[in-house]
Amino acid sequence: MNKAFCKEPDASLPPRCPACGGDGVQVMPQTLAAHVGPAAVESLAEPAYFCAGDTCPVAYFDLLERTIATAAAHGLPWPKDPAGPLCACHGLTVDDVDRDLAEGVPTRVRAVVRKAGEPGADCAIRSADGRSCVARVQRFYMRRRGAAGG
Ligand SMILES: [Zn+2]
């Protein structure tokens, strides 16, 4: 068998979102169930993936390219939901970060980053992608600070 003609799927690559082609983030069934209704949970096969695309209208999808729209999901964080919280677990919002920037000391951001690292942080369920919110919080903080010219 000539190996050159065998196109093997690379198992190390995350599956792609059928809508935007972005990387999928595998989520636990509990995470999915926390953000969509029971009927929507049933519509996807396990494992389910969260689309990490900022503006993609797809929230979750499976390997058969069935999708759940962001409009059909709830509790999605910024930037998927522009008005959503940065960290649903600890309630950090876009306004909190702006307050930190206005004060010149990231008090609220630091508190959430510290809490998210503690045992018992339930980001795995409450965060839409099942990941810690720290990366998202930092990303938004840096972006906002850059926009403010600081
Ligand atoms: Zn997508």
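## How two helices cross

A word on terms: a helix axis here is a line fitted to C-alpha atoms over the stretch in contact, and angles between N-to-C directions run from 0 to 180 degrees. Please keep in mind that this is a predicted model.

With that in hand, look at helix α3 (residues 94-103) and helix α4 (residues 107-116): their axes come within 7 Å and cross at roughly 125°. That angle makes α3 oblique to α4.

Which residues make the contact between α3 and α4? From α3 come Asp 96, Val 97, Arg 99, Asp 100 and Glu 103, and they meet Thr 107, Arg 108 and Val 109 of α4. Sorted by class, this contact has five charged residues, two nonpolar and one polar.

## The two sides of helix α6

Helix α6 (residues 134-147) is 14 residues in length and spans 20 Å from its first C-alpha to its last, close to the 20 Å expected at 1.5 Å a residue.

Its buried residues are Arg 136, Val 137, Phe 140 and Tyr 141. These cover an arc of only 130° around the axis, so they sit on the same side of α6. The cover over the buried residues of α6 includes α3 and α4. On the other side of α6, you will find Ala 135, Met 142, Arg 143 and Gly 146 exposed.

## The chain as a whole

The chain has six helices and four strands, and from the N terminus on, these run β-α-α-β-β-β-α-α-α-α. Its C-alpha atoms fill a box of roughly 65 × 40 × 30 Å along the principal axes. Of its 150 residues, 33% count as buried.

Note on methods:
Residues are numbered from 1 along each chain as its sequence is written. This is a predicted model: local features need pLDDT of at least 70, side-chain atom pairs count only at pLDDT 80 or more; totals for chains, interfaces and linings use all residues. Angles under 35 degrees count as roughly parallel, over 145 as roughly antiparallel, 65 to 115 as roughly perpendicular and the rest as oblique. Two residues are in contact if their C-beta atoms, placed from the backbone, lie within 7 Å. Ala, Val, Leu, Ile, Met, Phe, Trp, Tyr, Cys and Pro count as nonpolar, Asp, Glu, Lys and Arg as charged, and the others, Gly among them, as polar. The expected span of a helix is 1.5 Å times one less than its number of residues. A residue is buried if 20 or more other C-beta atoms lie within 10 Å of its own, exposed if 12 or fewer, and partly exposed in between; C-beta atoms are placed from the backbone. The arc is that of the directions from the helix axis to the C-beta atoms.
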